[in-house]
Amino acid sequence: MIYIGLPQWSHPKWARLGIQGLEDYARHFNCVEGNTTLYALPKAEIVARWREQTHDDFRFCFKFPATISHQAALRNCDDLTQEFFTRLSPLADRMGQFWLQLPATFGPQALPALWEFLDGLPKTFTYGVEVRHAEFFAKGEAETQLNRGLHMRGVNRVILDSRPVHSAIPSNQAIIDAQRKKPKLPVHAVVTARDPMVRFIGSDDMAQNRALFDVWLQKLPLWEQSSTPWLFLHTPDIAQAPELVDTLWSSLRAAIPSVGAAPSIPQQSSLF
């Protein structure tokens, strides 16, 4: 099967689409990227509410907090890591994968810290790592070491596809901000474990998104034969994410029949 979701489960403009929170979102999608934990740990009562608002087949893919991945750079952070797992433990059976989003400053010389960190994690969960240092995309020794180390540990290399947003005309503030914040890196469609994750950062031009997504219509069906792919769809203004879903779904279903029917949400055009 394949999991498909968005980077968040609510947006003010989605209320008109009948999506006012996690419970509504989980009726349409089977997973969510879970960016909130990058910035702060949720309170225990919030985690309990998330469990109440989702069903057993729904999956969260939470990021490790920036206090671990950025500030501590994975070093001497056992207490932070334990607090993270403890806080989210009520959702343990609904975890898709925990994943590290490492900064561009985290380069090849820091790989020993990555291996030590990953080796110390609970073996009961699935993990992913997104790197942003240029040497990890240069097809040299650094990238070979990264891919080999992840493969040996059964850890997924998270794939960021930011081609659409960086190909967009910077015609509004949302695109300008996204082009400033999202890394512009080559797309290396490498599978290092059984749950490859693709983060497709679309633009506001749906025709362009459709054209640039074609490569994934070739890759994802192949991966689904021997693994469980995860696909998260972004747009510069996240209000447009349902429109991107509607744009791509029929092609996805044709390529991967197990995707099933499109989410039964109104067309994005009804927002405006």
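## Cavity

In this predicted model, a search of the whole structure finds one cavity of 30 Å³ or more. The volume of the largest cavity is about 50 Å³. Its lining is made up of E130, V131, F137, R157, V158, I159, L160 and H188. By class, five of these lining residues are nonpolar, one is polar and two are charged.

## Largest pocket

The largest pocket holds about 630 Å³ of space. It is lined by 22 residues, and those closest to the pocket centre are N35, Y39, K181, K182 and H234. The largest share belongs to α9, with four residues.

The lining of the largest pocket is divided among the classes as eight nonpolar, seven polar and seven charged residues.

## Second largest pocket

About 300 Å³ of space lies in the second largest pocket. The residues that line this pocket number 14, and L74, D78, E116, F117 and G120 are the closest to its centre. Helices α5 (78-88) and α6 (111-119) each contribute at least two residues to the lining. The largest share, four residues, is supplied by α5.

Seven residues in the lining of the second largest pocket are nonpolar, four are polar and three are charged.

## Packing of α6 with α7

Besides giving residues to the lining of the second largest pocket, α6 packs with helix α7 (residues 141-153), their axes coming within 11 Å and crossing at roughly 10 degrees. Angles under 35 degrees count as roughly parallel, so α6 is roughly parallel to α7.

On the α6 side, the contact is made by L111, L114, W115, L118 and D119. These meet A142, Q145, L146, G149, L150 and R153 of α7. Sorted by class, the residues of the contact of α6 with α7 comprise seven nonpolar, two polar and two charged.

## Packing of α11 with α12

A further helix pair is formed by α11 (residues 214-224) and α12 (residues 241-255), which pack at an angle of about 40 degrees with their axes 9 Å apart. At this angle α11 is oblique to α12. The crossing in which α11 passes α12 is right-handed.

In this contact, α11 contributes L217, L220 and P221, while α12 contributes S251, L252 and A255. Five residues of the contact of α11 with α12 are nonpolar, one is polar and none is charged.

How are the two helix pairs oriented, roughly parallel or oblique? The pair α6 and α7 is roughly parallel, with a crossing of roughly 10 degrees. The pair α11 and α12 is oblique, with an angle of about 40 degrees.

Key
Residues are numbered from 1 along each chain as its sequence is written. This is a predicted model: local features need pLDDT of at least 70, side-chain atom pairs count only at pLDDT 80 or more; totals for chains, interfaces and linings use all residues. Side-chain values use heavy atoms; hydrogens and water are left out. Axes are lines fitted to C-alpha atoms, for helices over the stretch in contact, and angles run from 0 to 180 degrees between N-to-C directions. Angles under 35 degrees count as roughly parallel, over 145 as roughly antiparallel, 65 to 115 as roughly perpendicular and the rest as oblique. A crossing is left-handed if the near helix is turned anticlockwise from the far one by less than a right angle, and right-handed if clockwise. Contact means heavy atoms within 4.5 Å. Ala, Val, Leu, Ile, Met, Phe, Trp, Tyr, Cys and Pro count as nonpolar, Asp, Glu, Lys and Arg as charged, and the others, Gly among them, as polar. On a 1 Å grid over the protein atoms alone, a cavity is a set of points where a 1.4 Å probe fits but cannot get out, and a pocket is an open set with protein on both sides within 12 Å along at least five of seven lines; lining residues have an atom within 4 Å of a point. Grid points are joined across faces, edges and corners, and a volume is the space filled by probe spheres set on the points.
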